[in-house]
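The exercises below ask you to describe helix packing and a pocket, each with a solution worked out in steps. Please have the structure open beside the text as you go.

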Amino acid sequence: MRIFERMLTIKRVPTVVSNYQEEDGGSDDNLGCGRNCLGKCCLLVSKLPLYKFKKDGEDASDDGSVYSTDEGCPISFLNDLLLGLWEDRMRRGLFRYDVTVCETKIIPGIYGFIAQLNEGRHLKKRPTEFRVDQVLQHFDENKFNFTKVGQEEVLFRFEESKDSKSHYFPSAALTSELGSPTLVVINVSPIEYGHILLVPRIFDSVPQRIDHKSFLLALHMAKDAADPFFRVGYNSLGAFATINHLHFQAYYLRVPFPVEKVTSRKISELKGMSDNGVMVSELLNYPVKGLVFEGGSTIQDMSDAVANSCIYLQSHNIPFNVLISGCGRRIFLFPQCYAEKQALGEVSQELLDTQVNPAVWEISGHMVLKRKEDYEKASEEYAWKLLAEVSLSEERFKDIVAHILEASGFQRSSMDEDPIKEEDEASLREPQTPTQHLLKDCLVLQ
């Protein structure tokens, strides 16, 4: 049970996600800087693997695989490719520790919070290089960014295909005419199995902020992976992102996240000339107040609805976290205020001593703990207490939601007060079946 995420530290120190993160200096603009890095100097003369996902335009409820099978879960070439290359990097010793030996358990209780003891992520850190009270900050090329990562940490490039099929090229040249590449890179301090980073348009030096084009890429990755236990996450600055260079995270964890099982209530629907049908619900009976986006005629509809909401939040300096779940069919959005409370001295010393900073994975119910004593005594009461500090107040949450819905063009639903049906809730709690990993569903071009 492995998934992708990074341990964050608000005022102190971010987790190392690359073997190059702690080194001083960076590459220059000359061709062949000698670092074999991801800057233009080296990447433009490289031949990295290339995965092209199928052209957009299909229904958002599509299974997300390259080809589908008649029975069971769809077979996903991207799933096998990602896992195979990730395991190759493990055999080559590129990770700082073996995450597969980290202890993990389901915490007894109603919600089934997951606890992991990951002491390895706590060993190597350096001071945070940006302010934690501003969601939007300028990119600084002098600070650590992903262009300084070595090419051996890259799994493949990730781009849209020009047809309705996905394609894989084991070696593909990159030229300046092709524009800025999107890369899939390992997280060398993984939280779970298959922990990777999606870095959109690496040459564009985009800071950690959501835009429509990049969010659509993240949604395509979740869809093409076609595995319900592969989730994609995003942390804004102020919500425990540790690097101010645009990136998403993803990993595998083969149990349901607690947030995926809770009841929700429909509050709004995206309507208009095209009647896109994206629905927004509010989580019920969960320690962190949040929204759930579902539906949409196309993956673009879903992506635009969530991206618009994120853009509103970041432009108003409201930290937030995003979880892309269910192969892209459900997206959770959590405005949060833990950093603000921490700065104001409103978080208890007991919680601060654990040094757990609740980012997207913790908020979703996967508690990554750094101390054995915390792991051994982990309880549902502790998880709830920590996450309750993340949540906005009821009044503040409702105010922000109203502005999000207005900014994104949503209309209030007539079913505002109706929770989801009992059978719908039960279906959410049913265990999902992971993809069968068989390599036979993608065009491989030499």
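**Exercise 1.** In which crossing, left-handed or right-handed, does α3 pass α4? Describe the packing of this pair.

*Solution.* The model is a predicted one, and in it α3 passes α4 in a right-handed crossing. As a next step, take the geometry: the axes of α3 and α4 cross at roughly 130° and come within 9 Å. Because angles from 65 to 115 degrees count as roughly perpendicular and those over 145 as roughly antiparallel, α3 is therefore oblique to α4. The contact is then assigned to residues, with H212, F215, L216, L219, H220 and K223 coming from α3, while α4 contributes I299, Q300, M302, S303, D304, V306, A307, N308 and I311.

**Exercise 2.** Carry out the corresponding analysis for helix α4 and helix α10.

*Solution.* Start with the extents, which are residues 299–315 for α4 and residues 394–408 for α10; the two helices pack at an angle of about 125°, and their axes lie 9 Å apart. That angle makes α4 oblique to α10, and the crossing in which α4 passes α10 is right-handed. On the α4 side the contact is made by A305, N308, S309, Y312 and L313, and on the α10 side by I400, H403, I404, A407 and S408. The class count for this contact gives 6 nonpolar, 4 polar and no charged residues.

**Exercise 3.** Characterise the second largest pocket by its volume, its lining and the elements that supply the lining.

*Solution.* The volume of the second largest pocket is about 470 Å³. Its lining consists of 20 residues, of which F158, E159, E160, L178 and L217 are the closest to the centre. Turning to secondary structure, at least two lining residues are supplied by each of β1 (47–53), β4 (154–160), β5 (167–173) and α3 (212–225). By class, finally, the lining holds 9 nonpolar, 4 polar and 7 charged residues.

Methods: Residues numbered from 1 in each chain as written. Predicted model: local features only at pLDDT ≥ 70, side-chain atom pairs only at ≥ 80, totals over all residues. Heavy atoms only, no water. 1 Å grid on protein atoms, 1.4 Å probe; cavity = no way out; pocket = protein on both sides within 12 Å on 5 of 7 lines; lining within 4 Å. Points joined across faces, edges and corners; volume = space filled by probe spheres on them. Helix = DSSP H or I, 4+ residues; strand = E, 2+ residues; numbered from the N terminus. Nonpolar A, V, L, I, M, F, W, Y, C, P; charged D, E, K, R; others polar. Axes fitted to C-alpha atoms, helices over the stretch in contact; angles between N-to-C directions. Parallel < 35°, antiparallel > 145°, perpendicular 65-115°, else oblique. Left-handed = near helix turned anticlockwise from the far one by under 90°. Contact = heavy atoms within 4.5 Å.
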